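Colleague: Could you take me through one part of this model up close? I'd like to see the place where the two chains meet, step by step.

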Amino acid sequence: MKNSTDAAFILKDVNLSFGSVPILSNVNLSIQERGVTSIIGPSGSGKTTLLRTLNRLNDALPSFQCTGSVLFRGQSIYTNGTGPIDVPRLRQHIGMVMQKPCLFPTTIYKNVVFGLKRLQLKPRSDFSSIVEETLQAVSLWDEVKDRLHRPANDLSQGQQQRLAFARALACEPTALLLDEPTASLDPQSTQAIETLIQELGTRMPVILVTHRLEQAKRLSETVIFLSEGCVCEWGGVDDMFACPSEEKTQQYLAGHTL
Amino acid sequence: MIAARRRTVMGTLLHIFVGVMTIVSVTLLVSIVAMMVAKGATALTWEFVSQPSKSFGAEGGIRSQILGTLLLTLGAGFVSLPLALGTALYQTEYLAQRLKAVSMRFIYALNGVPTILFGLFGYMVFGIYLGLGVSWLSGVLILAMMILPTMIVSIREAIEAIPARYREAGLALGMTQAQLIRAVIVPQSLAGIITGMLLGLARATGETAAIMFTATTFSGVDLPQAINEPVTTLQTHILLLSQEAIHSSATDAVWGAALMLMVLVFCFSLGAFVVRSRLRFAA
């Protein structure tokens, strides 16, 4: 287990539930300031719920409850003794890309600046350069530079997902949550996204939910394994895949469904 | 074997029953439309539509009545749209789940209130208590109240049909609820909002009872020069002319006015259908 001196997120005694149905219990872990942390585990083990807890996106779901302490850079994001938490501002800092590229039915350009424009983060005169920079960062600029004002939904699935990354990155997040971002992509698009994730991991904490163990192994520095309503094991990727300490982890990594 | 045969017979009988019921229903509706067209088409000339009525409607056209109906209807739409949109947004975005269900039951109940009661309420409150009298403004206000439930339900359904992932995409970018409403919810439910408004207008166009108390006079009125003057409408014109049915010219005019009213309602309904089809949110 790692120490939490250089942690972006620290979770202490966290319990997550929907009404009376517990999802995860007694979660204690920390996520480092740099690098990719993968969350793996069987379907229904609470991977996405844990991820969405980190930017409080579960708040929109009825009956969601979170107890314990979730700290982002030392600040509690659920309870605050000094006043209400500014959740929208928290989410501006923690970007997120969903499993399916959810683009708004408008142009490529307007999708990239969607958050920027509404949140008034930058002057409009900067938008063009931001669009170019972010589309270059996600390796999409060369493919779309001549059709920025065409509908975003005309792009392929892989391009749409990279555009979703660009939209998130345009708001300059300082941490990134990724919920199976390559689940519905072809190998070529997956490779492009994985390269991007690795590059982003050198600059900020990237937390990746994935079903693909090979992907977790390729991209991550740290792996969190969830099973049966708790964090079964977490630690460095090499240790986890080479010699997992828990039997459940060994079985899962060996290809068994727990 | 016998049970299987019985199921087959029951299935066939049910099929025949629902088929006959459908034919009866459609025949009744088509008959009404066919009768309107057959009897009204001859009267519905450009002169009839473009000239004001004379001799208490027995002669001349229905220009004032068409414009009066449109003035009332569009005025009601103008008043009720922001109210309906605000209510629907409050219900879907801010109200707790339990209160949402209670408020919706109330709205549905309001939708079932007989329109004559709206008229009576409007007459008492707007006409007498607020001193607006029988006027265009009273009619607009009471029609706006009357079509409000229809519009709220339609707009709310459009908002609730927005896929959750669009809300989440907005929230994940750090938008506040107000920014989400402005940037995501209203634009994405625009087709439903317009559809709801048009359906409300269609209902207002056909309404007679409520405006008889509050807005219209049966004769001697042209277009109102101010909002506190009464208007004349196709609905009340039809009522007036049908009581003059012994005159053949009045009989022709009543069918012409009826067909015109049906065309107006049909235009709003068709508009709602077209908007819903063309602007439907690509989920």
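Predicted model: local features only at pLDDT ≥ 70, side-chain atom pairs only at ≥ 80, totals over all residues.

**Where chain A meets chain B**

Modeller: Who on chain A is doing the touching? Helix H2 (87-93), strand S6 (94-97), helix H4 (114-119) and helix H7 (157-170) of chain A each bring at least two residues to the side that touches chain B. H4(A) gives the most, with four residues. Sort that side of chain A by residue type and you get 15 nonpolar, two polar and four charged.

Now for the contact as a whole. Chain A puts in 21 residues and chain B puts in 16 residues. Together they bury an area of about 1,600 Å², and carbon and sulfur atoms give 69% of it.

How many salt bridges link the two chains? The count is one. In that salt bridge, the side chain of A:Arg52 meets the side chain of B:Glu168, at 2.7 Å from N to O.

Let's finish with S6(A), one of the elements that supply residues to the side touching chain B. From this strand, A:Ile94 and A:Met96 point one way, while A:Gly95 and A:Val97 point the other way, and all of them are buried. S6(A) also has a partner inside chain A: it pairs with strand S7 (residues 175-179) in the parallel sense, over four bridges. Look for A:Met96 there, and you'll find A:Leu177 of S7(A) standing opposite.

Notes
Residues numbered from 1 in each chain as written. Chains lettered and ligands numbered in written order. Heavy atoms only, no water. Contact = heavy atoms within 4.5 Å. Buried area = accessible area lost by both parts, 1.4 Å probe. Salt bridge = Lys/Arg side-chain N within 4 Å of Asp/Glu carboxyl O. Nonpolar A, V, L, I, M, F, W, Y, C, P; charged D, E, K, R; others polar. Buried < 20%, exposed > 50% of the residue type's maximum accessible area, 1.4 Å probe, protein only. Pairing = 2+ DSSP bridges.
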